[in-house]
Every structure is written in structure tokens, then in C-alpha cells.
Amino acid sequence: MKNNDLQIWFENTNKRIIIDSEKKDRILKILSDEVSKKEITPVNNWFQTVRSQLYYMDKHLWLIDFIMNLAIAAVFLVLKRYDISAKDITVFAMAASSVSGWISILILSNIFTGGMAELFDTCYFNVRQLAGIEMTILGSLNLITFMFITIYVSGQWKIWFLQVGVYIGVPFLFTVSICMAILLTETGRRKTYFLVIGMLSVIIILGLSSVPGLYFASAFTIWCIAFVIGCIFLCMQIRRLFIEINKGDILCTD
């Protein structure tokens, strides 16, 4: 169902609902009386807002992402003990960053695929703030992990630092952008469909990483261009996500 069709459906349904004015006034008075009894604590600044949201948010999935990032970092420490070539460790780093991006968006999607998005936004929570906080925390964990991997791989396998960073960044941006684009569709908010697309994007990265010509020095410029395009595209996707949240369509179709 398209967004316009959904809006028309709501409008037509609303016209068929007959509201008893007396009952409406009586209920509004009861609600007003109850609200007047409540002690309201105003939130005056950004820090208090974020703190209150963090207090009530589900943090179990963040722990999963944290453990996953620790596991990825630990694998690189273990691989150093084996005779792993620079190319093989680069391929593994690309695959690891792609999987990390997929898991991060999968965790973010829990806000919109759990059937609670509209309820969140009509109650105490603000879905836009929840999504922003979620992306900030998940992105920070990924960034710290990728920084460690970049520094470690560059030092242990004697690969140029910037080169390792771009090799890790491009697959991550590609996977996150694809998963974010899928999440923005109504069909994509079905977890089964989302999981399949996420796995396909990881497989595509693995397939591309096996092409030898991609690691030639002459191809590094193309990698840098892909990195910049990925950053721009991801920013566009995040902006579109916030727009969809403000419009309410992504909440009502959850």
C-alpha cells in the first residue's frame, strides 16, 4: 500500500466514525482532571532529554553489538599468530566491516520492525531522538573497532594506514546504505526480507573482495571515490529516515 493510499484509507475510515459529543466532553474533563493531579517535571536542556531517553531505552541489543565488535577485534589478534597474507587479512577486514554494518542496522531496525514505533512516538518517547541516539552509539562502537583494526593491521601487516581504512570503510558504507534503503521501504521492515538483503550485501562484498585488481595501487583512487560517494549516500539515507519519521508514514506502517 502506497503512502497516499494509506492516507486516503485513514481519512475515509475517520469519516465513518461517529463521535458522541457528550461522551467526548465528559472523557476530556476526566482526562484534564487526572492530568492536573500529575506532577510534571520539565526537561530544559538537551542533556536531560538524552539522559531520560537512555534511561528507558532497551540496552540489551547494544550489549550484543559491543560483544560482536570485541569478537571481531579479538579475531584479528588471533589471526596474527598464523601465516595470513596481507591480501587475506584485507579481505577478512572488508567482510568483517560489512557484517558489522549489517548487524548495526539490524539493531537499529528493531525500533521500526517491532510493531511499537507508533506507540513509542505517541507516548513518552520520541522516535526521531531514539533513532539518533541509537545510530550515535552503534556508530561510535563501530568507529572505535575500525580504528583499532586499521592501526593493528597497518602495523602488523605493513599496509599503508589510509589504504586499510578505506578498504574497511567502503564495504561498511555500502552495506549500511543498502540496509538503510531497504529499511525505508514498507516491505523492508519485515525482518525476514531485511535479513536476506543484508546477507546478500555481505556476499556481494565478499565477491568483490576476491577480485585481485581491486588491490592494485592504481585502483586506490577509485576506492577513495567510492568512499566519498558512500558517505554522501549514507547521509542522504539518514536524512530521509528522519523525514519519514516526521511525516509519520514509517510509524503508521510499522
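Modeller: Let us start with Asn-69, which in this predicted model touches Ser-100, Leu-141, Asn-142 and Thr-145 when residues up to four places away in sequence are not counted.

Biologist: What makes Asn-69 buried or exposed, and where does Asn-69 lie?

Modeller: Asn-69 lies in helix 4, and its relative accessible area is 3%; buried means under 20%, so Asn-69 counts as buried.

Biologist: How do you know how helix 4 and helix 7 are oriented towards each other?

Modeller: The axes of helix 4 (residues 60–79) and helix 7 come within 10 Å and cross at roughly 5°. Angles under 35 degrees count as roughly parallel, and therefore helix 4 is roughly parallel to helix 7. On the side of helix 4 the contact is made by residues including Trp-62, Phe-66, Asn-69 and Phe-76, while helix 7 contributes, among them, Leu-141, Asn-142, Thr-145, Phe-148 and Tyr-152.

Biologist: Phe-148 and Tyr-152 form an aromatic pair; why is this pair called stacked?

Modeller: Two values settle the matter, since a pair of aromatic rings is described by the distance of the centres and the angle of the planes. For Phe-148 and Tyr-152 these are 5.8 Å centre to centre and 15° between the planes. Centres within 6.5 Å make a pair and planes under 30 degrees apart count as stacked, so Phe-148 and Tyr-152 form a stacked pair. The two residues are four apart in helix 7 (residues 127–156), which means that they are separated by about one helical turn.

Biologist: What are the accessibilities of Phe-148 and Tyr-152, and how are they classed?

Modeller: Phe-148 has a relative accessible area of 33%, which falls between the limits of 20% and 50%, so Phe-148 is partly exposed. Tyr-152, with 16%, is under the 20% limit and therefore buried.

Biologist: What kind of aromatic pair do Tyr-152 and Trp-157 form, and how do you know?

Modeller: The centres of Tyr-152 and Trp-157 are 6.2 Å apart, with 70° between the planes; an angle over 60 degrees counts as edge-to-face, so that is the name for this pair. Both Tyr-152 and Trp-157 are buried, and together with Phe-148 they form one aromatic cluster.

Biologist: How do you know whether Thr-150 is buried or exposed, and what does it touch?

Modeller: Thr-150, found in helix 7, has a relative accessible area of 6%, which is under 20% and therefore buried. Leaving aside neighbours within four places in sequence, Thr-150 is in contact with Phe-161, Val-164, Gly-165 and Ile-168. The C-alpha atoms of Thr-150 and Val-164 are separated by 5.7 Å, although these residues are 14 apart along the chain.

Note on methods. Residues numbered from 1 in each chain as written. Predicted model: local features only at pLDDT ≥ 70, side-chain atom pairs only at ≥ 80, totals over all residues. Heavy atoms only, no water. Phe/Tyr/Trp six-rings, centres within 6.5 Å; stacked < 30°, edge-to-face > 60°. Buried < 20%, exposed > 50% of the residue type's maximum accessible area, 1.4 Å probe, protein only. Axes fitted to C-alpha atoms, helices over the stretch in contact; angles between N-to-C directions. Parallel < 35°, antiparallel > 145°, perpendicular 65-115°, else oblique. Contact = heavy atoms within 4.5 Å.
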